[in-house]
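Here's a quick tour of some side-chain arrangements in one protein model. Have the coordinates open and follow along.

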Amino acid sequence: MLPTGYTLRQAHSGDMGAIRRLVLTAMLDPTQLRWSQFWVIEQAGKVIACGQLRNFLDAQELGSVVVKPEFRGRGLGSHLIQHLIQQATQPLYLECLGKRLPGFYTRFGFVPVAWEDLPPGIKQKFRLSNLAAKVFRLPVTIMQHRVGHC
């Protein structure tokens, strides 16, 4: 349940500027931002958190999950992630850069998977990340949501 004063809703076209600012501020990939795939949390009429479910032929990706720094620690991101998991209609994947985030996402039922084991549609999307991880030795973890957790 969201704290009082916060609203979770599907994004609309007028939210695109706020979504783009959140994503860029968090230094996430600003490509493939489609407002129609986003959900936002707002407070006092302002978007303070966002996340999207990107659709692929054989899977979905949980991505662009951002909470404004001054609103973190209130459970908003967790609430948004749980909502997006419930909205998923196909196998759900995500990509984590760094070493801290995979531990966070395991709380929601995500487990690491090998790039080789991904469905073709999502494998194509993660191809560049897989290459960068190898070439630049970046810590990149691809995770899949296991049904029944959460």
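Which residues are linked in a network of salt bridges? R9, D15 and E42 are.

## Ground rules

This is a predicted model, where local features need pLDDT of at least 70, side-chain atom pairs count only at pLDDT 80 or more, and totals for chains, interfaces and linings use all residues. Residues are numbered from 1 along each chain as its sequence is written, and side-chain values use heavy atoms, with hydrogens and water left out.

## Salt bridges

Searching the whole structure turns up three salt bridges, a salt bridge being a side-chain nitrogen of Lys or Arg within 4 Å of a carboxyl oxygen of Asp or Glu. Start with R9 and D15, whose closest N and O atoms are 2.7 Å apart. R9 counts as buried at 18% relative accessibility, and D15 is buried too, with a relative accessible area of 5%. (Buried is under 20% relative accessible area, exposed over 50%, and partly exposed in between, using a 1.4 Å probe and protein chains only.)

R9 also has a salt bridge to E42, at 3.1 Å from N to O. That pair links distant parts of the chain: R9 sits in strand β1 (residues 6-10) and E42 in strand β2 (residues 38-43), 33 residues apart. Helices (H or I, at least four residues) and strands (E, at least two) are DSSP runs, numbered from the N terminus. E42, like R9, is buried. Elsewhere, E61 bridges to R54 with the closest N and O atoms 2.9 Å apart, and both of these residues are buried.

## Around L62

Next up is L62, which lies in strand β4 (residues 60-67). L62 is buried, at a relative accessible area of 4%. If you skip the neighbours within four places in sequence, L62 is in contact with Q52, L53, I81, L84, L92, Y93, L94, Y105 and F110, where contact means heavy atoms within 4.5 Å. As for F38, its C-alpha atom is 10.0 Å from that of L62, and the two residues are 24 apart along the chain.

## Aromatic rings

Now for the rings. Those of Phe, Tyr and Trp (its six-membered ring) pair if their centres lie within 6.5 Å, with planes under 30 degrees apart counted as stacked, over 60 as edge-to-face and the rest as tilted. By this rule there are five aromatic pairs. In one of them, F104 and Y105 have ring centres 5.2 Å apart and planes at 80°, so the pair is edge-to-face. F104 is partly exposed at 26%, whereas Y105 counts as buried at 9%.

F104 pairs with F108 as well, again edge-to-face, at 5.3 Å centre to centre and 65° between the planes. F108 is buried, with a relative accessible area of 2%. Ring pairs join F104, Y105, F108 and F110 into a cluster.

There's a charge over a ring too: the charged end of K123 sits over W115, 5.0 Å from the ring centre. The rule for this asks for NZ of Lys or CZ of Arg within 6 Å of the ring centre and within 35 degrees of the ring normal.

## A nonpolar surface patch

Finally, look at the surface, where L128, L131, V135, F136 and L138 form a nonpolar patch with about 550 Å² of accessible area together. Patches are made of residues with over 30% relative accessible area and no salt bridge, joining like charges within 9 Å and nonpolar side chains (Val, Leu, Ile, Met, Phe, Trp, Tyr) within 5 Å. Accessible areas come from the Shrake-Rupley method with a 1.4 Å probe, and for residues only the protein chains shown count as cover. L138 belongs to the loop between α4 (120-136) and β7 (140-145), and is partly exposed at 41%.
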